[in-house]
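Hi,

Here is the structure I promised to send over. Have a look at it first, and then read on for what turned up.

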Amino acid sequence: MDESGIRDALERHWAASDANDFAAEHAIYREDALLEYPQSGERIRGRHNIQASRAAQPNAKRFTVRRITGAGDLWVTEFVLTYDGRPSFTVSVMEFLDGKVARETQYFADPFEPGPSRAAWVERMG
């Protein structure tokens with residue numbers, strides 16, 4: 001799959017994630033895909049298990065993609081994952097093999113108040 005095809009697949013993936021369309025969301029993964037959440041120390045093996053773990057989450061969630069960038073087989077998506085109205089700024093690193101995600105690592109960061117020591121140089125984001 002070329003880079004345009006991967007970008008299209010990622011856009012479909014994140015749109016399906018936001019719509020809670022679990023079948024479409026997980027079509028991007030290989031059967032033997034690996035998903036890691038380093039902050040919680042969790043590793044999930046296999047597309048079926050990744051999909052089942054996400055479908056079991058009780059939270060109402062929304063995905064807002066900020067940026068997709070990548071080349072070759074390595075792609076990064078920056079997005080805001082909102083659980084029950086609380087945003088978490090998230091980075092997904094996906095490694096592709098034969099046009100499907102073989103490995104994904106997701107990092108999460110909660111918002112925090114700006115530091116007053118930076119105020120003179122800061123432009124507030126919306």
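Before the details, one term: two strands count as paired when DSSP finds at least two bridges between them. Also keep in mind that this is a predicted model.

Let's start with the sheet. Six strands make up an open sheet with mixed pairing, in the order S2-S1-S6-S5-S4-S3. S2 (42-45) and S3 sit at the edges with a single partner strand each, so one side of each has no neighbour in the sheet. From one strand to the next, the twist averages 20 degrees. Helix H1 (residues 3-18) packs on the sheet, where it touches S1 (29-37), S3, S4, S5 and S6, and its direction makes about 170 degrees with that of S3. Helix H3 (residues 47-55) packs on the sheet too, touching S1, S2, S3 and S6, at about 50 degrees to the direction of S1.

Now the hairpins. S3 (residues 61-71) and S4 (residues 74-83) run antiparallel and are joined by ten bridges; one to look up is Gly 70, whose bridge partner in S4 is Trp 75. Two residues lie between these strands, and Gly 72 in the turn has a positive phi of about 60 degrees. S4 then pairs with S5 (residues 86-97), again antiparallel and over ten bridges, with Val 80 partnered by Phe 89 in S5. That hairpin also has two residues between its strands, and Asp 84 there takes a positive phi near 45 degrees.

Last, which residue sits in the loop between S5 and S6 (100-109)? That's Gly 99. At 13% relative accessibility it falls under the 20% cut-off, so Gly 99 counts as buried.

Cheers

Note on methods. Residues numbered from 1 in each chain as written. Predicted model: local features only at pLDDT ≥ 70, side-chain atom pairs only at ≥ 80, totals over all residues. Heavy atoms only, no water. Helix = DSSP H or I, 4+ residues; strand = E, 2+ residues; numbered from the N terminus. Buried < 20%, exposed > 50% of the residue type's maximum accessible area, 1.4 Å probe, protein only. Axes fitted to C-alpha atoms, helices over the stretch in contact; angles between N-to-C directions. Contact = heavy atoms within 4.5 Å.
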